[in-house]
Amino acid sequence: MEFTVSQIAELLNGTVEGDGTTKVSRLDKIQEGTTGGVSFLSNMKYEPHLYTTNSSAVIIAEDYVPDKALSTTLIKVRNPYTAFTQLLEAYSQLNKQHLSGVEEPSFIGENSSMGENGYRGAFSYIGKNCKIGQEVILHPNSYIGDNVQVGDRTIIHSGARICKDSVIGNDCEIHPNTVIGADGFGFAPQDDKTYKGVPQLGNVILEDHVSVGSNTTIDCATIGSTIIRRGVKIDNLVQIAHNVIIGENTVIAAQAGISGSTEIGKNCIIAGQAGLVGHLKIADNTIIGANTGISKSITKPGRTILGYMGFEMKDFLKSYSIFKNLPSLQEKIKELEKKQ
Amino acid sequence: MEFTVSQIAELLNGTVEGDGTTKVSRLDKIQEGTTGGVSFLSNMKYEPHLYTTNSSAVIIAEDYVPDKALSTTLIKVRNPYTAFTQLLEAYSQLNKQHLSGVEEPSFIGENSSMGENGYRGAFSYIGKNCKIGQEVILHPNSYIGDNVQVGDRTIIHSGARICKDSVIGNDCEIHPNTVIGADGFGFAPQDDKTYKGVPQLGNVILEDHVSVGSNTTIDCATIGSTIIRRGVKIDNLVQIAHNVIIGENTVIAAQAGISGSTEIGKNCIIAGQAGLVGHLKIADNTIIGANTGISKSITKPGRTILGYMGFEMKDFLKSYSIFKNLPSLQEKIKELEKKQ
Amino acid sequence: MEFTVSQIAELLNGTVEGDGTTKVSRLDKIQEGTTGGVSFLSNMKYEPHLYTTNSSAVIIAEDYVPDKALSTTLIKVRNPYTAFTQLLEAYSQLNKQHLSGVEEPSFIGENSSMGENGYRGAFSYIGKNCKIGQEVILHPNSYIGDNVQVGDRTIIHSGARICKDSVIGNDCEIHPNTVIGADGFGFAPQDDKTYKGVPQLGNVILEDHVSVGSNTTIDCATIGSTIIRRGVKIDNLVQIAHNVIIGENTVIAAQAGISGSTEIGKNCIIAGQAGLVGHLKIADNTIIGANTGISKSITKPGRTILGYMGFEMKDFLKSYSIFKNLPSLQEKIKELEKKQ
């Protein structure tokens with residue numbers, strides 16, 4: 001499908017600087033721009049590409065003033081990233097393929113039902129006593145255990161495992177090979193130094209609009225529920241242990257790990273490879289930096305925490321910059337001692 | 001099923017403080033207690049909930065003396081967590097569902113056999129020349145490669161991959177999407193800077209009573225065997241590289257990684273996100289803290305190791321507390337220098 | 001199959017020290033040597049085993065001179081590890097099983113084709129419009145989404161998920177349960193503190209001779225491609241985010257994570273559990289140590305980087321050794337202050 005730059009600008013509530021009649025049909029990265037493509041500039045790291053890109057049009061901030069002549073047409077908007085996201089959304093809707101029906105062989109157990117207009121791919125498995133909502137997409141080779149509920153319009157990708165008793169909300173997306181509701185890691189030490197498995201009898205609840213990445217694990221509760229609240233977004237290879245609760249609209253990046261019974265507040269951001277020990281409470285709006293270890297509860301909302309065994313970001317960075325100069329600091333002490 | 005608090009107390013070898021005729025039918029978390037539920041208090045972090053819980057009964061340490069009046073009935077026992085675990089166990093046995101038979105379609109290769117009273121779920125695959133024991137549970141979509149042995153009563157969950165030549169003991173449990181016996185990461189650098197794959201010809205051996213979490217990887221040995229000894233418990237998303245040996249009753253928490261040919265002793269605890277480089281020997285009863293990096297062998301048994309490039313816990317904590325004060329330390333040096 | 005030590009030595013272009021007529025039929029680890037086995041000694045950590053091994057022959061460096069009498073026969077070569085790798089290769093070729101044909105049930109979508117001499121295992125799935133090359137091995141329970149291309153001789157193991165639009169080169173190997181081409185983690189924050197998914201419309205390209213371990217995730221690009229160049233080797237549980245580019249012959253060890261849009265140069269080595277933030281450029285021949293965090297681009301090729309928030313290895317080790325002595329350093333400052 002082809003549009004003029006002016007049409008795009010109108011859609012995005014922006015203004016054109018250059019030739020509005022130029023035709024575009026494709027979305028590009030600015031550094032890989034092509035004739036007929038439209039790209040965007042938001043992160044100023046990429047500014048030099050503006051002057052060399054082959055994109056026919058670039059979406060840019062409305063207050064941006066170029067240093068020199070440009071060969072591309074500008075579409076000026078309030079927020080270039082959001083505007084580009086809108087375009088992606090529109091493009092994605094135009095190209096969306098509607099999956100429906102049942103591919104064989106697939107398996108559905110006794111007493112389970114699936115709502116209308118859904119899709120079950122080949123080799124997908126649904127256990128007993130499951131209630132699957134409307135317009136649900138179960139990709140091939142996915143698995144749903146016994147007594148599971150899945151809400152409307154939820155998408156479960158290939159190889160995802162939704163284990164027994166899980167409750168998945170509406171409009172969720174579970175990416176490939178993620179495991180939801182498998183046993184938590186609970187073992188009671190015995191007198192002979194062996195461990196005995198503690199039965200994990202609870203479940204996992206995902207509220208609405210939750211997204212979980214690929215190869216992530218969310219364990220069922222020992223009793224009660226592991227709860228992922230409305231709007232939470234979880235990346236790939238994340239570990240969420242038993243009885244954890246994640247507050248609304250919190251975001252957790254790849255390879256982070258949350259230990260058992262820890263409760264995370266609303267609107268938090270947990271960066272990649274961060275780790276939290278068990279039985280903590282983390283206040284709302286907390287930001288935890290990449291690879292940060294958290295071993296104490298955080299009670300004051302809105303803090304940014306960083307560093308091995310996490311402390312306040314600005315304190316950590318100050319100490320860390322001196323850490324880098326420890327050899328010269330040691331040298332100074334030696335000199336001071338000599339002078340005594 | 002309903003029991004009186006006195007019946008529960010008798011089962012747990014405990015004593016009742018309050019109304020022993022109260023009826024309970026459910027297990028609760030203390031902070032989410034409900035009428036008719038029984039919960040427990042072990043970790044004193046949760047003590048305040050004792051006075052507000054709606055649980056009809058709470059299992060508690062025999063020497064615990066409440067500060068104020070309680071609305072719940074107490075069941076006093078020697079070890080509340082162990083006692084609660086016993087209850088979970090009993091509850092789990094009462095509610096256990098016995099899986100057996102074969103769901104179709106499933107696949108079993110030439111010259112493979114499966115013992116009595118087992119279960120093969122739909123879309124499960126067994127390769128050639130496999131010997132599967134009695135009462136083995138193969139959940140749907142699981143995979144067993146050629147020449148694999150699986151012992152009695154072992155449970156293999158959905159999406160787990162047991163690759164060729166693996167030997168799995170009795171009473172093991174392999175959680176969803178875990179991979180056992182795939183190739184180790186062995187590549188020989190060539191003169192032209194490419195790498196050539198080193199064939200990985202060995203296997204993985206899991207002895208009896210081993211539990212492996214979800215989305216974990218245990219690679220086969222280059223030659224010989226990667227060995228996980230009796231009673232080892234491994235959590236989710238753990239990496240065990242080729243030729244590693246893990247000693248009896250060692251516990252490894254989520255997202256930890258053990259590099260090639262490292263040997264871990266018996267009764268060790270390796271916390272979450274810890275990492276060990278290759279070719280080390282770790283003595284028995286070693287405890288390695290969360291996110292700790294280990295780059296040297298540990299020869300003395302029973303140490304607790306912590307911190308980036310791990311050292312003795314108390315030393316690390318001392319240095320780390322001063323690290324936090326580095327800015328003031330630097331200030332002091334500047335002042336001392338000025339006074340010269 | 002049985003060979004004499006002299007035959008092995010000839011194959012490896014080495015010389016025999018001891019009885020060349022000894023017969024061997026098996027490959028051993030030196031510490032677990034058996035009569036009739038041949039092992040190797042390369043890492044001098046294992047030297048003591050040379051004097052106690054039961055292996056009938058040991059491959060060793062040509063300039064190695066034993067301290068005392070040996071009961072085993074030596075095969076002296078330029079590079080013992082490379083020579084042993086050659087033997088493994090030969091052994092592996094002799095024992096290789098050729099998989100071919102189609103096991104049923106398996107699924108292949110409209111308009112998809114598969115080249116000659118390939119294998120499709122039971123419960124494997126190929127979507128629509130796919131072009132699969134010659135001699136491709138699709139193990140059981142593997143999944144290939146719509147519009148995917150796979151080159152010749154590539155091996156896709158059980159449970160691997162190759163999502164829509166991916167392009168996989170020749171001679172690649174994708175290990176079990178790895179996910180290639182699932183959605184990147186892109187969410188745009190909204191005014192009401194919810195997040196809205198940014199459509200991920202790009203794909204993943206794997207060039208030729210790429211190997212990817214088990215349970216690894218490589219996300220598709222938002223637009224354009226996430227690119228893994230020729231000869232790259234990736235271990236287990238690695239996270240590669242959207243729009244990342246990995247240069248030729250770079251090696252990435254287990255549990256490392258590369259955030260979105262970061263570009264890694266050629267011939268780099270990224271050790272286990274390392275983490276890189278997004279939008280960086282890492283120069284060719286960079287070595288990044290285990291558990292190292294990288295938050296800035298590295299422009300000079302050939303550096304070795306180590307430590308939390310990574311800096312030059314020798315600087316880090318110097319600072320870190322003083323970190324361990326911080327308590328005594330603090331003591332010295334206190335004494336200096338007293339003397340004022």
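The structure is a predicted model, in which local features need pLDDT of at least 70 and side-chain atom pairs count only at pLDDT 80 or more, while totals for chains, interfaces and linings use all residues. Residues are numbered from 1 along each chain as its sequence is written, and side-chain values use heavy atoms, with hydrogens and water left out.

In an unreviewed entry, UniProt lists A:His242 under "active site"; such annotations may be inferred rather than shown by experiment. A:His242 lies in the loop between strand E29 (239-240) and strand E30 (245-246) of chain A, strands being DSSP runs of at least two residues, numbered from the N terminus. A:His242 has a relative accessible area of 14% and therefore counts as buried (under 20%, with a 1.4 Å probe and protein chains only). Beyond neighbours within four places in sequence, the residues in contact with A:His242 include A:Gly184, A:Phe185, A:Asp219 and A:Cys220 (contact means heavy atoms within 4.5 Å). The side chains of A:His242 and A:Gln200 are joined by a polar contact of 2.8 Å (a pair of N or O atoms within 3.5 Å, one able to donate a hydrogen and the other to accept it; residues adjacent in sequence count only if both atoms are side-chain atoms).

Chain C contributes 68 residues to its contact with chain A, and chain A contributes 66. About 5,200 Å² is buried between the two chains, and carbon and sulfur atoms give 61% of this area (the accessible area, 1.4 Å probe, lost on putting two parts together, summed over both). Across this interface, 23 residue pairs are in polar contact, both residues at pLDDT 80 or more.

How values were computed
Chains are lettered from A and ligands numbered from 1 in the order in which they are written. Helices (H or I, at least four residues) and strands (E, at least two) are DSSP runs, numbered from the N terminus. Buried means under 20% relative accessible area, exposed over 50%, partly exposed in between (1.4 Å probe, protein chains only).
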